[in-house]
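Colleague: I'm new to this one. Could you walk me through its aromatic contacts?

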Amino acid sequence: MLDYDPHTGMAAMVEQYTGLLWHVAEHHLKNPEDIKECVNDTFLEFYIYRDRFDSEKGNLAAYLAQIMRNLAVSRYRKNVLWDKQADTPLEEPASISEVIEARVDLERAMAALKPEDAEIIRMKYYSGMTAREIADSLGLSYDTVKKRHQRSLSKMRMLLLGLLVLGLLAVLAACAYTLLRYFGIIPGYGISGDPKSLVFILEEPAQVENDSGAYPGTYLIHDALLLNDEMYILMDYQPSDPAIMEKMMWDEDGAFDTFSSEVVDTAVTLNGASFGPFYPGFDRKTSQEEGGGYYWAIKLKLHTLEPEEIPRWEDGVEAAFTLFDMDFSCRLTRVEAGRVSEYSNQMGSRGGLLAIPRLEEGRLMVGIYPLSTGRETLLTYLLRGRLMEGKKGDITVTAPDGQELMGECNYASSYNNEYFYNWSFGPAQPGDYTLHVPYVYLTAPLEEPVTFRLDLEQGTWDDQKYPVPGGTLSIESCQPLEVQLGEPIPGQGGPFTVKEGCRCWTLRLRYESSEDLVLTGCLLKPAEEMEVQSKVLYDVATGPDGSFIPLNSYGLHCSPVSDGEEDNVVELAIAGWDGCYDPSNVLFTVCEPLSMRWEHSFDLPLMVGAG
């Protein structure tokens, strides 16, 4: 896992072995800051030199413990202390499982602190900052930071009674801080799972005009990214005739499939060396601009390369490929992935946010990047969740004069399956600002599959509450829905209308939260063990000859009909066609991940320069 997905691999290692390493370090060190850094350095040393590990000579736990002992003894001899709080020895900290269970208590205790005191706790334990760095960041004296820190810990101990606050915070910090070291920030493109990634970006756009062939028009390479062994090309296609695009969408001869397959089969040369054919990876995005065409986002996987075989190409990369008998070329320039510590960032118990501000033609623009450190994946498009559901929230920036600037999301990037969002805050001047994010949407995978059983004929269902991330999920109600013939099928819209033999129901799911999560959306599909036939829902006309393409769908379908305005309730519509399924024995499986809102706010300082 560490080889092909370092982020996930390190997350698994941290969860499995942090408690063990902490216990080993306590035999030699008392200061939690020293212990935390040794835990981090142990994981880092293992990751860098993981080829040295031989499972036949010993297990992984013993191997990690030996690395920790060496580092802890060395740290003890150097006697590097963060402050004098090491004079009070710590009891053994909570295990990782106990940490997870105590997260909500910890957040409640921090909510009882003054905002400035809570910020010091977060900066120290979640962001791994020293007292001196915190003092400089907040414009406070070193002694003031220490006093507020000690006062905050004392108050939290009283609120949490017997909970080992310092140990809990330190273990959480070890988890988050260790994982953060494996993020590489590529401004304007997203986040890499490795800060040492080999990164190249497009030097300047490249355009090709084509007046012949199957797809004449203008092709513009908007952007390109070469990240280790993956290449992404964002191409804008402007057809010379609007009818060409319609032909690609609906031609019964499969013009769109032909377009897709030619992209997939394309080979690329990088500095004269050929790579390919490529793994399938193709997407289509409509331009929202007036008169715009289509953005063709092409993902190319250089699967013939092993990571250690990737050339460094320090002087840049000349990329070329042929598509539809047209030759494309562009030049990519080497860039260095930045580290989290280089930018304004803030962490919470489920991850954090990083912000990169800039002035662009006198307007303040802020790129907001998610830092996901656990099972959940943070989505920083604050207005909606994964299914475009949820209440509208305001993301603001406070200017030096106290004026509050409202943000508007105007661009999203999904390179490398990670997202960052570009927010515009209008005219602004250089200075110190504060970015306020009221909450963050995220997706949460299910630990265990959830399948509901319903008898639509009798109007009954199982009333079990199934465990899901942060709480439980159950059916609240399921009622028949009267829809007239010819009306749109609820939740599907468009040309799909109710015909003879179609019956509908409304289904409400209820989420009961035990943490700081709010369920805003989820999808259901017929379980695999059900026998469901397909049903022709609509015939699409494709040309003047009157030819049609039948659009098929499940004979039983469940679609969301609400936009998440009511917290922790999901409304769905069931549409079933007689003869395609057994209505007395319906099984719906929850499609993961769940779409949720994390009720956690962030306030990030922004230093906006003139450049």
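Aromatic pairs

Modeller: Let's start with Tyr466, which is buried with a relative accessible area of 13%, where buried means under 20% (1.4 Å probe, protein chains only). This is a predicted model: local features need pLDDT of at least 70, side-chain atom pairs count only at pLDDT 80 or more, and totals for chains, interfaces and linings use all residues. Residues are numbered from 1 along each chain as its sequence is written, and side-chain values use heavy atoms, leaving out hydrogens and water.

Colleague: How many aromatic pairs are there?

Modeller: The count comes to nine. Rings of Phe, Tyr and Trp (its six-membered ring) pair if their centres lie within 6.5 Å; planes under 30 degrees apart are stacked, over 60 edge-to-face, and the rest tilted.

Colleague: What about Tyr219 and Phe328, how are their rings arranged?

Modeller: Their centres are 5.8 Å apart and their planes at 75 degrees, so the pair is edge-to-face. Tyr219 is in strand S5 (residues 217-227) and Phe328 in strand S12 (residues 326-335), so the pair ties together parts 109 residues apart in sequence. Strands are DSSP runs (E, at least two residues), numbered from the N terminus.

Colleague: Are Tyr219 and Phe328 buried or exposed?

Modeller: Both Tyr219 and Phe328 are buried.

Colleague: Back to Tyr466, how does its ring sit with Phe452?

Modeller: The ring centres of Phe452 and Tyr466 are 5.3 Å apart with planes at 85 degrees, so that pair is edge-to-face. Phe452 is buried, with a relative accessible area of 0%.

Colleague: New topic: which residues cluster with Phe46?

Modeller: Phe53 and Tyr63 form one aromatic cluster with Phe46.

Technical notes: Helix = DSSP H or I, 4+ residues; strand = E, 2+ residues; numbered from the N terminus. Buried < 20%, exposed > 50% of the residue type's maximum accessible area, 1.4 Å probe, protein only.
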